[in-house]
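Reader: I would like a close look at one part of this model, with the cut-offs behind each term spelled out. Please take the pairing of strands as the place to begin, and go on from there to the surrounding elements.

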Amino acid sequence: MEQYKQEFIEFMVDSDVLKFGEFTLKSGRKSPFFMNAGAYVTGSQLKRLGEYYAKAIHDRYGDDFDVLFGPAYKGIPLGVVTAIAYSELYGKEVRYCSDRKEEKDHGADKGSFLGSKLKDGDRVIMIEDVTTSGKSMEETVPKVRGAADVTIVGLMVSLDRMEVGKGGEKCALEEVHDLYGFDTAAIVTMAEVVEHLYNRPYKGKVVIDDTLKAAIDAYYETYGVK
C-alpha cells in the first residue's frame, strides 16, 4: 500500500473522521464504522486533506484535467483545498467549481454554480467525501453536463465503503461508473483500512481488534458486494 494511503488512514482516525462502534446509517443499516468528513475543521486538517486528494487524483488521473467539481455542500471545501494542493504539489493550476443548491439571480456571479464557469472542452474531475448511494451524482452530473460540452474524467472520493449500493448487487462507485460512464476511485478502501489497522498498535492502541474485525466481516457478509 502506498505511503500516503497509510498516512491518510491514520489521519482519518486522528481527526475523528473515521469512527468504529455501532452506527445507524441513513439507509437504516447498522454499521460498525462511520465516516464523517465534516469533522475536518481546522486549517492544518484541511491543508492535509487537500494534499491527500491531490496525490490520489494525480496517481489515478495524472494532469489531464482542467476543473475539480465538488457537489454542494461538502464538496465545496474539498474542491477548494484540493485545487490549492494541486498547485503546490504539482505546479498545475486547476479551477474549482461547485453547484448551488439554489440559483442566484443577481450580481456578477449569478447562476447555478460557484467558482469557475464550465467551458466547452473542459475535462472535469468530480470530488466527494464518500459515496454510499450515488444520490448526489444523480443531481450533479446532469447539471455539469448541461452547463457546457465537458468530459467528466472521473470521480474521486476519500473512502470506498465497499458495500452494495441501492441496486443491491454492485458497490455505489461501480453503480456510478455503469450509470454515467466515467471512472470512479477512492483515496482508500475499507479493505485497505482494515489491512492497515487490524491488530496493529497505533499510538498505543489497537484500533481494529479481533472483536471489531469480526463485526466488520459480519457487516460485509450482509451488505458487501458478493
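Author: Val157 has Ala186 of strand E8 as its bridge partner, and Gly154 is placed opposite Asp183 of E8. The model is a predicted one, in which local features need pLDDT of at least 70 and side-chain atom pairs count only at pLDDT 80 or more, whereas totals for chains, interfaces and linings use all residues. Residues are numbered from 1 along each chain as its sequence is written, and side-chain values use heavy atoms, with hydrogens and water left out.

Strand E7 (residues 151-160) and strand E8 (residues 183-189) are joined by six bridges and run in the parallel sense, where pairing requires that DSSP finds at least two bridges between two strands. Helices (H or I, at least four residues) and strands (E, at least two) are DSSP runs, numbered from the N terminus. On E7 there is also a parallel pairing with strand E6 (residues 123-127), made through five bridges, and here Val124 faces Ile152 of E7. Together with helix H5 (residues 172-180), the strands E7 and E8 form a β-α-β unit that is right-handed, meaning that, with the strands pointing away from the viewer, the path from the first strand over the helix to the second runs clockwise.

As for how far these strands are covered, nine of the 10 residues of E7 are buried, a word that stands for under 20% relative accessible area, with exposed meaning over 50% and partly exposed what lies in between, for a 1.4 Å probe and protein chains only. E8 is largely enclosed by the rest of the structure, because five of its seven residues are buried.

With neighbours within four places in sequence left aside, Ala148 is in contact with Leu118, Lys119 and Asp120, contact being heavy atoms within 4.5 Å. From C-alpha to C-alpha, Ala148 and Lys117 are 9.0 Å apart, although 31 residues separate them in sequence.

Elsewhere, helix H6 (residues 190-197) packs against helix H1 (residues 3-14) at an angle of about 85°, and their axes are 10 Å apart; axes are lines fitted to C-alpha atoms, for helices over the stretch in contact, and angles run from 0 to 180 degrees between N-to-C directions. The two helices H1 and H6 are therefore roughly perpendicular, since angles of 65 to 115 degrees carry that name, those under 35 count as roughly parallel, those over 145 as roughly antiparallel, and the rest as oblique. H1 brings Lys5, Gln6, Ile9, Glu10, Met12 and Val13 to this contact, and H6 brings Glu192, Val193, His196 and Leu197.

Finally, Ala54 belongs to helix H2 (residues 43-61) and is buried, because its relative accessibility is 0%. Beyond residues up to four places away in sequence, Ala54 touches Thr82, Ala85, Tyr86, Leu89 and Tyr90, and its C-alpha atom is 7.7 Å from that of Ala83, which is 29 residues away along the chain.
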